[in-house]
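Biologist: I have a model open on my screen and would like to learn how to read it. Could you take me through it step by step?

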Amino acid sequence: MFDALLIEKSPDGQQSVHVRQVDETSLPDGDVTVRVEWSTLNYKDALAITGRGPIIRQFPMAPGVDFAGVVEKSSNSAFAPGDRVLLNGWGVGEKHWGGLAQKARVPGEWLTPLPSAFSTRSAMALGTAGYTAMLCILALQQQGVTRESGPVLVTGASGGVGSVAVMLLARLGYHVVAVTGREAERDHLTQLGASEILPREDFSKPGKPLEKARWAGAVDVAGGQVLANVCASMKPGGVVTACGLAAGMDFPATVAPFILRGVTLVGIDSVMCDHGRRVKAWDALAELVDMDKLDSQTKEITLQDAVEAAAALLDGKLHGRAVVKLD
Ligand code: NDP
């Protein structure tokens, strides 16, 4: 028997979340069984656990879009018992049993070998948020945004994706401008490496099709009006990576930044990202992440705590990264 956070739905449609003792017959099909040591809380997990977003496709479901642990059983030739692995996305924690449980079973093709620089805990301190931040930065680099190109803007800077993006971009020598709605996070963002901090209100209201050209690159987790305003304030040839919808799913923009300034909008999908790119992102994280800095913004929680922490994350009350201890 092992512990799992289970999201259940009653016949009248009410969702409830409990830590339950289950056995391996609860696990789905897959050729690798993993003893999960750590998972983390991502935005999507918080939507799933609180029921504030339609993330879970079938009930009951263990949420958790990522995990890191040790292979327990494998009939996949690429993995053997004892291998340390991590997983991000692929529908895990949405339509396939997720990482907020002491065991997981998945097709081996979904697993990434854990780079030796990481413990299972530090990998989950980054989690899908950190890996997505790295995918955004790789895309900026691929599109030719260098330190010399100009400032790089990061929205939702005190959240999971944003805080890691600030930390990594600063480490790479970029001039990082952080956008936050949380005045209290100023010092923290400066410690992570932000050179300037702007209030979220500057980007929240409808603006002009073209604003003053300021940013060479941008990592946007907000979407909605924020993304439209970010695009409008890019320098000629600037590159925006769009990965989130914290401000909304809509995109009330004009084509002006694209046709008059040659701005590029790059979509980032961490869930179905190909294997090669995942490995590249995790290897780059292994090279760039300052483990002490990461540790200083990581706190440990239990499966039981995850329910309360999920609401806090969505309400902007969670500080730093929350790793969920499962071992
Ligand atoms: P967090 O909740 O940790 O961070 C989101 C941050 O966005 C908040 O901390 C806040 O930052 C900011 N924010 C919240 N509400 C608004 C708003 N109305 N307008 C502008 N900014 C707002 O979530 P994550 O960092 O984990 O995820 C961020 C987004 O990225 C989510 O939408 C998530 O679904 C998406 N995502 C997408 C992935 C992909 O594959 N494309 C993978 C991972 C995440 P502050 O307080 O500093 O303003």
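Modeller: Gladly! A residue is near a molecule or strand if its C-beta atom, placed from the backbone, lies within 6 Å of it. This is a predicted model, where local features need pLDDT of at least 70, side-chain atom pairs count only at pLDDT 80 or more, and totals for chains, interfaces and linings use all residues. Residues are numbered from 1 along each chain as its sequence is written.

Biologist: Which residues come nearest to the ligand?

Modeller: Of the 33 residues around the ligand, the nearest are G156, G159, T180, G244 and S270. Helices (H or I, at least four residues) and strands (E, at least two) are DSSP runs, numbered from the N terminus. Those giving two or more residues to this shell are α1 (43–50), α2 (120–142) and α3 (160–171).

Biologist: How many residues of the shell are nonpolar, polar and charged?

Modeller: Ala, Val, Leu, Ile, Met, Phe, Trp, Tyr, Cys and Pro count as nonpolar, Asp, Glu, Lys and Arg as charged, and the others, Gly among them, as polar. The ligand's shell has 14 nonpolar, 14 polar and 5 charged residues.

Biologist: Where does the ligand lie relative to the domains?

Modeller: Domain bounds come from an automatic or database domain assignment. Here the assignment gives domain 1 (2–117 + 290–325) and domain 2 (129–267). Both domains give residues to the shell, so the ligand lies between them. Their centres, taken over C-alpha atoms, are 28 Å apart. Two residues are in contact if their C-beta atoms, placed from the backbone, lie within 7 Å. By that rule, 8 residues of domain 1 touch 8 residues of domain 2.

Biologist: And how do I read burial, say in α6?

Modeller: Count neighbours: a residue is buried if 20 or more other C-beta atoms lie within 10 Å of its own, exposed if 12 or fewer, and partly exposed in between, with C-beta atoms placed from the backbone. In helix α6 (residues 224–232), 8 of the 9 residues are buried, including L227 and C231. The buried residues of α6 pack against several elements, among them β11 (215–220) and β12 (234–242). In β11, 6 of 6 residues are buried.

Biologist: How do β11 and β12 run, and how many bridges join them?

Modeller: Two strands pair if DSSP finds at least two bridges between them. β11 and β12 run parallel, joined by 5 bridges, and G217 has V239 in β12 as its bridge partner. A crossover is right-handed if, with the strands pointing away from the viewer, the path from the first strand over the helix to the second runs clockwise. The β-α-β crossover from β11 through α6 to β12 is right-handed.
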